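Colleague: Could you take a close look at one helix for me and walk me through how it sits in the fold? I'd like the details in one go.

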Amino acid sequence: EAAGVAPNLHTFGTLIKACGNDAEAAEAAFADVEARGLSPNVATHNALLKSGEDLGSTWDATLAAGLAPTTVTYSTMLAAVRSRVEPGSALLARILASLEPRHASGSVLSTGAAAITTHVPKREGQQRRALNALVAKARPGTEVDMEGFPCKKK
């Protein structure tokens, strides 16, 4: 700004990413975006998802802003849920329920499967049902074979 150049969304996205795991700094930078009258886009929200502390609120804010989650958004959220959210949280189910088939690609499937195996209990087939629901988003008619091979046609 001292040089007469105002920061834009790309600048703030980079700043938020640079905050790393410092959730407080990332959230302060995100608040500065809005304070300057800029409208955060999905890339800005994705950056906050990587650093921010309250994933559920950030996810809800992304959707409330009318921003359509991207493949990067889903992959980021699922990785964050796996590593930063306590098992049993309803957030994983909310994310998977909103997953559109066009975003159910390799990175989202592998990250989603890792989140499911971390957060969903194996008892009574819950984990298998969750994995089958995830795989069906990408490949309808396919189910997880828990006995060996990852997938098989029904």
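Predicted model: local features only at pLDDT ≥ 70, side-chain atom pairs only at ≥ 80, totals over all residues.

Modeller: Let's start on the outside: the face of α6 turned away from its buried side carries A93 and A97, both exposed. The helix itself spans residues 91-98, and its buried residues are L91, L92, I95 and L96. Those four sit on the same side of α6, because they cover an arc of only 130 degrees around the axis. As for what they pack against, the partners are α4 (55-64), α5 (71-84), α7 (106-119) and α8 (126-138).

Then there's R94, which is neither buried nor fully out in the open: its relative accessible area is 35%, so R94 is partly exposed. Its side chain meets that of D60 in a salt bridge, at 2.3 Å from N to O. This pair links distant parts of the chain, with D60 in helix α4 and R94 in helix α6, 34 residues apart. D60 is partly exposed as well, with a relative accessible area of 39%.

For context, a search of the whole structure finds 3 salt bridges. Another one joins R102 and E100, with the closest N and O atoms 2.8 Å apart. There, R102 counts as exposed at 58% relative accessibility, while E100 is partly exposed at 32%. The remaining pair is D32 and R36, whose side chains meet at 3.3 Å, N to O.

Technical notes
Residues numbered from 1 in each chain as written. Heavy atoms only, no water. Buried < 20%, exposed > 50% of the residue type's maximum accessible area, 1.4 Å probe, protein only. Helix = DSSP H or I, 4+ residues; strand = E, 2+ residues; numbered from the N terminus. Arc of directions from axis to C-beta. Contact = heavy atoms within 4.5 Å. Salt bridge = Lys/Arg side-chain N within 4 Å of Asp/Glu carboxyl O.
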